[in-house]
Amino acid sequence: LHPVALPQEFAATMELEKETLPLAVVVMGVSGCGKSSVGAGIAARNGMRFVEGDQLHPARNVEKMAKGIPLTDADRLPWLDRIGEEINTAQKASQGLVISCSALKKTYRDRLRQAAGGRLAFVFLEGTRDLLLSRMQARQGHFMPASLLDSQLQTLEPPTGEAGVVTVAIENALEDIMALACKGLSGVAVK
């Protein structure tokens with residue numbers, strides 16, 4: 001994916017949105033949806049720090065996933081707590097943060113909201129199984145095998161109707177996904 005120059009009026013809009021973004025943003029969705037690329041782009045556009053949530057997984061989680069073994073709630077909770085600590089630390093320092101995290105279940109998102117004290121928004125990257133699978137099969141050097149996509153889709157509880165969530169279809173180009181996410185975040189009301 002290559003960067004695309006944005007029209008001048010769009011760049012001015014992005015500056016306005018920079019001031020209204022929530023203090024912390026979780027870019028969420030199943031594996032292969034583009035959390036890292038979109039999260040890094042949102043952070044760069046808005047002068048916020050980006051944290052790759054996969055880097056916070058305990059080694060045993062990465063080993064399990066690399067072997068094609070789905071994670072359980074018990075596996076995910078310490079990881080979610082580490083992500084929550086990152087969010088909380090950034091907020092205490094009044095620093096903007098964008099972090100990638102699958103956040104597949106509502107209870108996981110609520111756990112992150114609690115860690116953030118309510119000052120948190122989510123960008124849900126949504127796509128079809130076929131598109132997700134093709135992306136997972138095309139990427140190299142990632143520990144998550146395409147064989148785990150179905151278990152992630154089964155675990156996923158879409159955040160439909162939850163406050164503070166922006167849903168973006170991943171069928172769009174990366175630049176468009178980031179622009180739609182930033183535009184949506186500018187209108188998100190957080191506690």
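The notes go from the whole chain to the sheet, then to a helix and one serine.

**Ground rules.** I'm looking at a predicted model, where local features need pLDDT of at least 70, side-chain atom pairs count only at pLDDT 80 or more, and totals for chains, interfaces and linings use all residues. Residues are numbered from 1 along each chain as its sequence is written, and side-chain values use heavy atoms, with hydrogens and water left out.

**Whole chain.** I counted eight helices and five strands; these are DSSP runs numbered from the N terminus, helices being H or I with at least four residues and strands E with at least two. Along the sequence I read α-β-α-β-α-α-β-α-β-α-α-β-α. The chain has 191 residues, and 47% of them count as buried (under 20% relative accessible area, with exposed over 50% and partly exposed in between, using a 1.4 Å probe and protein chains only).

**The sheet.** I wanted to know in which order the strands form the sheet. The order is S2-S3-S1-S4-S5, in an open sheet with parallel pairing (two strands pair if DSSP finds at least two bridges between them). S2 (49-51) and S5 (165-169) are at the edges with a single partner strand each, so one side of each has no neighbour in the sheet. On average, neighbouring strands are turned by 20° against each other, direction ignored. I then checked S2 and S3, which pair over three bridges; arginine 49 has leucine 97 in S3 as its bridge partner.

**Helices across it.** H4 (73-92) lies across S1 (24-28), S2 and S3, at about 175° to S3. H5 (106-116) lies across S1, S4 (121-126) and S5, at about 150° to S4. Those angles run from 0 to 180 degrees between N-to-C directions, with axes fitted to C-alpha atoms, for helices over the stretch in contact.

**Helix H8.** H8 covers residues 174-186. Its buried residues include Leu174, Ile177, Met178, Ala181 and Leu185. I noted that an α-helix has 3.6 residues a turn, so residues three or four places apart point the same way.

**Serine 100.** Is serine 100 buried or exposed? Serine 100 counts as buried because its relative accessibility is 3%. I found serine 100 in strand S3 (97-100). Its side chain makes a polar contact of 3.1 Å with that of glutamate 52 (N or O atoms within 3.5 Å; within protein, one must be able to donate a hydrogen and the other to accept it, and residues adjacent in sequence count only if both atoms are side-chain atoms). Leaving aside neighbours within four places in sequence, serine 100 is in contact with residues including Val27, Phe50 and Ile83 (heavy atoms within 4.5 Å).

Note on methods:
The expected span of a helix is 1.5 Å times one less than its number of residues.
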